[in-house]
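Have the model open beside you, try each task, and then follow the solution.

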Amino acid sequence: MQAWIYKKTSNMRMMQYLVQWLAVLSAKNRILWLKALIWLGAFIPVLRLIYLGFTDGLGANPVEFIERSTGTWALVFLLLSLGITPLRYLTQQAWLIAVRRLLGLWMFAYACLHVTTYLWLDYQFDWADIAKDIVKHPYVLVGAAALLLTLPLAATSNQRAIKALRQRWKSLHKLVYVIGVLVLLHFWWLVKKDVTEPVIYSLVFALLITLRLPVFIKNRKS
Amino acid sequence: MLLDNNRRNPSGILPSEITPQALFEQRRTVLKVAGVAAAGLLLPTQLQAAQTLDFQKTAFGKEEKLTSFEDVTSYNNYYEFGTGKEDPAREAVLFKPTPWTIKIEGAVKQSKTIGIEQLMKLAPLEERIYRMRCVEGWSMVIPWVGLPLKALIDWAQPTGNAKYIEFISYNDPRHMPGARIPVLDWPYIEGLRMDEAMQPLTILAVGLYGKVLPNQNGAPVRLVVPWKYGFKGAKAISTIRFVEQMPHTSWMKASAREYGFYANVNPAVDHPRWTQSSEKRIGAGLFAGRIKTRLFNGYDEVGQLYAGMDLQKNF
């Protein structure tokens, strides 16, 4: 547990250094650099799973291992994408917005891996059983709802859609807050008794929402 | 004890003279490790001899494919040693299951204790290959070594008031890191109805794969009731109490809606979180899918225990 917190906070410190370093690069270069880093970083968890899969390292319950891992990373990318806005204000680096959509798409990618694992490796596409599982178990139901809501966001995560939708694009993408709540519920309800992890992720989510409030209130007034 | 002495200070010892608890425990650990190492150097053959058990083979589960020893001993639910599946194998390394005595109390002719060595002689040890279905939707096939619980009940001589039997697991926060956290109401309590306890399938396991029970699997002695979900199998049993009222088990206290007293494996009674109609067999591989769960985990002979009972209500 302590090691886990240490790992997470040291990751945050590394991010801080990264932003400082990127700030000295030219505008175009730093966006490219950061995007390249996100791409590289985002492949690590899935490459790790493949490596563990081939070296018999996924433990006694490999399907559960993959479901947990891909689900956790989808949540991490969701929180990272939500972190961009407060980070922009706190660091005064407006250009960071350029990578938000990429982070959101990686969340979608891991959510797809998560659901594919569930449908294929866990349930072998037994649709009758899957339907029963979704309807009967609230945690599966909210998870499925979260995935459905992610689809329109992923589909409109491109320049053409932004131009076509204009103001409506912004309103549509506010769905990410609803998705965040559903995903956290999915996590809370799935855990049997030890809620340490859902508590930590929920606190991060709450913090990211709270950091938005000053700007939100200011915009309301003007 | 330590705190009481400090408050009253009958001995006149200054608090600063008392060895800090952490250091005290560290010394004990060092001694323990040194002791084990010395024993290993001096008596390697005797130590190994203690690891394997003398037992008779039985026909139970002959047709089943065993879950590997590695999976059985590395994927455990044993919250006293942590809530992660890999925690018990790591955290229970220094746990000392010997010497061990079990208190027998409640509705018995006379309260008494029984040592683990004596318990193991109450009946010939048998190998029982049982399916184990966890309430979380996975299952294993485990070659237990143990003796019928009935042997201990006969020895304990319960009175006519004994309607249920309550199992209390060992609880020692100093050596069980999970027991310092109130995830469950410690100590772990489980229970059976007397007729369930006397059923020949119900055993007290003292080993698996022909060897002494590993710590993470509930050493030195645990309950195995193969037609019920795995959590009914209380580990490291320290007290057995015969009672008139249905025991209030740890998981019932945690969530009565999710975990019932009977906890019979039943694909028709769904758990609020997990599907119970199918299960994942541990060790079957990444692409094996699920297998259908059977009523009473396939142990049909226990059905008569519940004749006329509404299993939806008494889950």
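**Helix packing exercises**

In chain A, α3(A) and α9(A) pack with their axes 11 Å apart, at an angle of about 145 degrees. Helices here are DSSP runs (H or I, at least four residues), numbered from the N terminus; axes are lines fitted to C-alpha atoms over the stretch in contact, with angles from 0 to 180 degrees between N-to-C directions. This is a predicted model, where local features need pLDDT of at least 70, side-chain atom pairs need 80 or more, and totals for chains, interfaces and linings use all residues. Residues are numbered from 1 along each chain as its sequence is written, with chains lettered from A and ligands numbered from 1 in the order written.

**Exercise 1.** Find which residues make the contact of α3(A) with α9(A).

*Solution.* 
- Step 1: α3(A) supplies A:L75, A:L78 and A:L82. Contact means that C-beta atoms, placed from the backbone, lie within 7 Å.
- Step 2: α9(A) supplies A:V176, A:I179, A:G180 and A:V183.

**Exercise 2.** Work out how the axes of α3(A) and α10(A) run.

*Solution.* 
- Step 1: The axes of α3(A) (residues 62-91) and α10(A) (residues 196-221) come within 9 Å and cross at roughly 30 degrees.
- Step 2: Therefore α3(A) is roughly parallel to α10(A) (angles under 35 degrees).
- Step 3: Among the contact residues are A:L79 and A:Y89 of α3(A), and A:F205 and A:R212 of α10(A).

**Exercise 3.** Decide which element gives the most to the side of chain A that touches chain B.

*Solution.* 
- Step 1: 19 residues of chain A contact 19 residues of chain B.
- Step 2: Elements giving two or more residues are α3, α5 (127-136) and α9 (175-190) of chain A.
- Step 3: α5(A) gives the most, with 4 residues.

Key: Parallel < 35°, antiparallel > 145°, perpendicular 65-115°, else oblique. Contact = placed C-beta atoms within 7 Å.
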